[in-house]
Structures are given as C-alpha cells and as structure tokens.
Amino acid sequence: MAAPVQQPPQSSGGKRKGKAQYVQAKRARRCDGGGPRQLEPGLQGILITCNMNERKCVEEAYSLLNEYGDDMYGPEKFTDKDQQPSGSEGEDDDMEAALKKEVGDIKASTEMKLRRFQSVESGANNVVFIRTLGIEPEKLVHHILQDMYKTKKKKTRVILRMLPISGTCKAFLEDMKKYAETFLEPWFKAPNKGTFQIVYKSRNNSHMNREEVIKELAGIVGSLNSENKVDLTNPQYTVVVEIIKAVCCLSVVTDYMLFRKYNLQEVVKSAKDPSQLNPKQPAQAGNGKEAKLESGDKSNQNDPAEGKNNQQVVSENNEELGHTKPRSETKMTYQEFGANAEHRYL
C-alpha cells in the first residue's frame with residue numbers, strides 16, 4: 001500500500017506569510033512620513049549624541065524641538081492624505097493619463113505629509129539625526145541652548161550634545177572643498193569677517209584625514225577674506241565638521257564655548273564666571289589624537305581631542321563650569337593655522 005503524500009503544514013506556512021506581511025507593513029510605516037530614511041547629502045537637520053538609549057533620545061528630541069519649534073515658527077500644520085487634491089474621474093479614460101494622474105497624486109501626498117522634524121538613520125551608534133524642513137536649524141538650536149543657559153532648567157536626560165547641521169555633502173575631500181567654498185560664504189566672504197575655529201569629528205570613516213580636512217577648510221575661510229583670523233579661545237564662529245560614513249555634515253555656530261560645546265547636560269550647570277569656559281588639565285596627545293568621551297557618554301566611540309591647542313587635549317568629563325583656568329588668547333592668521341598642523345583645534 002502506497003504511503004499517503006504528506007502535505008506541508010499549513011500553519012507554519014501561514015506564519016511565514018504573516019511575518020513577511022508584518023515586516024512590509026512595518027517598513028511602510030517608517031516611510032509614511034515621507035523623505036529619506038537615512039542620512040545622505042543634501043539634507044539639513046540636527047545631529048544629536050545620546051547616552052546609550054537612542055529610542056529615548058528620539059522621544060526627547062521630538063519633545064524639545066516641537067516645543068521650541070512651535071515657539072519660533074508657530075504650531076505645525078498637517079494635511080490628511082484624504083484631503084489631497086485629485087483630478088476628475090472623467091479624465092481616466094486614457095490609460096496613460098490615468099497613470100500620470102496616479103503618479104502625481106503620490107508625489108503630492110508625499111510632499112504634503114513631510115514633517116517639520118523627522119528622525120532618519122544616522123549610520124552611527126549613539127547618534128541620532130533629525131531632518132528638518134522649513135526651519136533654520138542653527139537658529140533653533142541656538143535658541144534652545146540660550147534658553148536653557150539662562151533658566152538652568154534641565155529638560156533632557158539622555159541627550160548629550162545637539163549640533164545644528166546646515167548642509168551635508170559627500171565625505172570626500174574634493175566634494176567637501178567644492179561644497180564649502182559656497183557654504184561658508186555667508187559668514188566669511190568679504191565684507192563679512194570674523195574669528196573662527198574648526199571642530200572635527202569622524203565616525204565609521206577611515207578614508208578621511210583630519211589634518212587635511214582642517215587645512216583645506218581653513219584655507220577656504222582665509223581665501224574668502226584675508227581678515228578672517230583663527231581664535232582658539234573665544235571665536236565668533238565655530239565651523240563644525242561631522243563625518244559619518246560617507247556623509248559630511250557642516251554648520252557654522254556661535255557661542256560654542258559659552259554653551260559648553262552645545263552640550264545640553266553641561267549648559268544648565270551654574271557658572272561663577274561665564275567667561276571661564278575653557279578646558280582644564282591639559283594632557284599630551286599621542287600621534288595628534290586622543291580618545292575622549294562626552295560628558296555622560298558611555299559609548300565605545302572615540303572622539304578626536306576636543307579642546308586641543310598646541311598639542312594639548314582634554315577630556316570633557318573633567319570640564320566643570322567655575323573650575324576652569326582661562327588660557328591666554330590664541331589668535332593667528334589662517335596661513336599660520338593651515339601651515340602648522342600642531343595648531344589644530346578639535
């Protein structure tokens with residue numbers, strides 16, 4: 001007697017199908033807000049470092065940004081997908097016209113559902129990137145830090161630093177040079193001028209050379225106006241360079257030292273003398289680099305030496321307002337800054 005043919009169990013097949021459908025639905029929800037899903041060239045936003053809890057960091061970021069965003073720009077207005085404008089149904093007779101109409105409706109739906117703040121994949125652990133739309137991130141972040149500095153009211157637990165990113169480009173030296181020539185004009189092109197410093201951080205990237213990047217950017221600032229000077233103690237502008245994988249994030253910020261390198265945990269601490277905001281306890285750097293943790297950051301990622309001046313670096317864990325010793329003011333021309341690699345700051 002022939003053995004009966006065994007049928008594959010329906011229950012397990014149903015589970016696999018259900019799981020696949022669940023994953024697709026989950027991915028669809030992640031894209032529902034529109035826009036890119038990961039950090040890429042051509043974005044503006046806010047780069048946030050956190051203390052080992054990215055999910056909580058995103059929640060805190062949304063709460064904080066929405067609070068101050070509504071204060072500066074008014075409440076965000078939303079449009080339902082069901083309220084999207086659509087063409088007349090009578091125009092669907094022609095198949096090609098119907099297809100064009102459908103594509104147009106999809107594009108309109110995506111554009112109208114873009115949020116003011118949207119989290120995207122940053123490409124690095126303990127780093128969150130919030131894409132912004134219709135706002136100026138440097139002004140918003142400065143407003144947040146200014147208010148927290150004045151009120152000394154702590155509003156976050158896991159967020160450490162909050163850096164505005166005014167533009168992104170590919171993290172290759174030629175691309176960065178070309179992009180920076182135009183990007184830096186509003187602050188440094190004559191008749192505009194000012195003192196500046198350059199802070200540099202690289203994550204999950206091995207092909208960029210820190211010294212080359214700083215030298216090239218300093219040269220560009222100097223070429224825009226020869227009166228731009230390097231000041232490593234109290235600069236008017238700080239050029240922030242954050243590289244994650246193959247993306248370079250750039251911004252120019254003010255009050256970088258006053259707001260404790262844009263650290264939300266440190267800026268709410270009381271200070272006896274706000275002018276004494278420089279790092280203390282200098283230590284000799286090895287090979288021009290020093291591993292450093294941000295205050296409260298327990299991640300295994302290494303930061304290049306922040307607070308570096310004349311081969312001296314400092315751990316932010318040792319920074320305390322009111323307990324730092326002021327350094328002599330350091331100013332130099334951009335030629336001196338670019339020619340001497342030992343005078344790199346951050």
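**Figure 1. K245 in the loop between β8 and β9.** K245 sits in the loop that runs between β8 (237-244) and β9 (247-253); helices (H or I, at least four residues) and strands (E, at least two) are DSSP runs, numbered from the N terminus. The model is predicted: local features need pLDDT of at least 70 and side-chain atom pairs count only at pLDDT 80 or more, while totals for chains, interfaces and linings use all residues. Residues are numbered from 1 along each chain as its sequence is written, and side-chain values use heavy atoms, with hydrogens and water left out. K245 is not a glycine, yet its phi is positive, at about 55°. With 47% relative accessibility, K245 counts as partly exposed. Buried means under 20% relative accessible area, exposed means over 50%, and partly exposed lies in between (1.4 Å probe, protein chains only).

**Figure 2. N126 in the loop between β2 and β3.** The loop between β2 (117-120) and β3 (127-132) holds N126. N126 is not a glycine, but its phi is positive, at about 60°. The relative accessible area of N126 is 9%, so the residue is buried.

**Figure 3. The cis peptide bond between A190 and P191.** A190 and P191 are joined by a cis peptide bond, with omega at about 10°. P191 belongs to the loop between α6 (185-188) and β6 (195-203).

Figure 4. Helix α7 covers residues 210-224, 15 residues in total. The expected span of a helix is 1.5 Å times one less than its number of residues. N209 caps the N-terminal end of α7, with a side-chain oxygen 3.0 Å from the backbone nitrogen of E211. A polar contact is a pair of N or O atoms within 3.5 Å; within protein, one must be able to donate a hydrogen and the other to accept it, and residues adjacent in sequence count only if both atoms are side-chain atoms. The buried residues of α7 are R210, V213, I214, L217, A218, I220, V221, G222 and L224.

**Figure 5. The salt bridge between K177 and E174.** A salt bridge is a side-chain nitrogen of Lys or Arg within 4 Å of a carboxyl oxygen of Asp or Glu. The side chains of K177 and E174 form such a bridge, at 3.6 Å from N to O. Both residues belong to helix α5 (residues 173-183), where K177 and E174 are 3 residues apart, about one turn of the helix. An α-helix has 3.6 residues a turn, so residues three or four places apart point the same way. K177 is partly exposed, at 21% relative accessible area, whereas E174 counts as exposed, at 54%.

**Figure 6. The salt bridge between K189 and E185.** In the salt bridge of K189 with E185, the closest N and O atoms are 3.9 Å apart. K189 is partly exposed, with 39% relative accessible area. E185 also counts as partly exposed, at 28% relative accessibility.

Figure 7. K269 and E266 meet through their side chains in a salt bridge of 3.2 Å, N to O. K269 is partly exposed, at 29% relative accessible area, while E266 counts as buried, at 4% relative accessibility. A search of the whole structure finds 13 salt bridges.

**Figure 8. The cysteines C50 and C57.** A disulfide is a covalent bond between the sulfur atoms of two cysteines; here the criterion is a pair of cysteine sulfur atoms within 2.5 Å. What separates C50 from the closest cysteine sulfur? The sulfur of C50 is 4.2 Å from that of C57, which is too far for a bond. C50 counts as buried, at 0% relative accessibility, and C57 is buried, with a relative accessible area of 0%. A search of the whole structure finds 0 disulfides.

**Figure 9. The chain that holds these views.** The chain has 8 helices and 12 strands. Of its 346 residues, 44% count as buried. Contact means heavy atoms within 4.5 Å. Among the contacts in the chain with a separation of 6 or more, 78% are between residues 24 or more positions apart.
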